[in-house]
Amino acid sequence: MPLNGEQTRPGSAHAKAWAAVASATDPVAQRAALDAFLALERPPGARPVQVHVYRRGSGERARIDQALWDEPAAFEVELRLNGDEYRFVPLSRASLEPLFRE
């Protein structure tokens, strides 16, 4: 499967929104970009966003637990949405919050 929205048409709203998430250099900008990406319209009946977490040093799959919240930059988060996979390194816990709303 393509990563980082490579399957998404270049220039599409999803591709542009994801580029802002992936290229953000500060936590406030990343959170705003992630909120904008998640707010984009999805097709009716689309599955919810799936979240997977990996350790940056080893690439090993990690648990979604307190360690992720304590040191988010030590992990890479993968979102699966509409058949595409998107990965990013959260710059702060603020970038995790919209992914785990109850």
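A salt bridge here is a side-chain nitrogen of Lys or Arg within 4 Å of a carboxyl oxygen of Asp or Glu. By that rule, Arg31 and Asp35 form a salt bridge through their side chains, at 3.0 Å from N to O.

## About the model

This is a predicted model, in which local features need pLDDT of at least 70 and side-chain atom pairs count only at pLDDT 80 or more, while totals for chains, interfaces and linings use all residues. Residues are numbered from 1 along each chain as its sequence is written, and side-chain values use heavy atoms, with hydrogens and water left out.

## The overall layout

Let's start with the fold. The protein chain has three helices and four strands, and from the N terminus they follow the order α-α-β-β-α-β-β. Both kinds of element are DSSP runs numbered from the N terminus: helices are H or I with at least four residues, strands are E with at least two.

Of the 102 residues in the protein chain, 34% are buried. Buried means under 20% relative accessible area, exposed means over 50%, and partly exposed lies in between (1.4 Å probe, protein chains only). Among contacts with a separation of 6 or more, 55% link residues 24 or more positions apart; a contact means heavy atoms within 4.5 Å.

## Salt bridges around Arg31

Across the whole structure, a search finds six salt bridges. Side chains of opposite charge can pair when their charged atoms come close. Arg31 and Asp35 sit four residues apart in helix H2 (residues 27–39), so about one helical turn separates them. Asp35 is partly exposed, with 28% relative accessibility.

Arg31 also has a salt bridge with Glu97, where the closest N and O atoms are 2.9 Å apart. Because Arg31 lies in helix H2 and Glu97 in the segment after strand S4 (84–88), this pair ties together parts that are 66 residues apart in sequence. Glu97 is partly exposed at 37% relative accessibility.

Glu85 and Arg80 pair through their side chains in another salt bridge, at 3.6 Å from N to O. Glu85 is buried, with a relative accessible area of 9%, whereas Arg80 is partly exposed at 30%. Through salt bridges that share partners, Glu76, Glu78, Arg80, Glu85 and Arg87 are joined into one network.

## The nonpolar core

A nonpolar core is a set of buried Ala, Val, Leu, Ile, Met, Phe, Trp, Tyr and Cys residues joined through side-chain atoms within 4.5 Å. The largest one has 19 residues, and Trp18, Phe37, Val77, Leu79 and Phe88 touch the most other members. Two or more residues each come from helix H1 (13–23), H2, strand S1 (50–55), helix H3 (66–70), strand S3 (75–81) and S4. S3 gives the most, with four residues.

## Two residues to look at

His52 lies in strand S1 and is buried at 13% relative accessibility. Its side chain makes a polar contact with the side chain of Arg61 at 2.3 Å. A polar contact is a pair of N or O atoms within 3.5 Å; within protein, one must be able to donate a hydrogen and the other to accept it, and residues adjacent in sequence count only if both atoms are side-chain atoms. Leaving aside neighbours within four places in sequence, the contacts of His52 include Glu76, Val77 and Glu78.

Val49 is in the loop between H2 and S1 and is partly exposed, with a relative accessible area of 28%. Setting aside neighbours within four places in sequence, Val49 is in contact with Leu38, Arg42, Leu79, Arg80 and Leu81.
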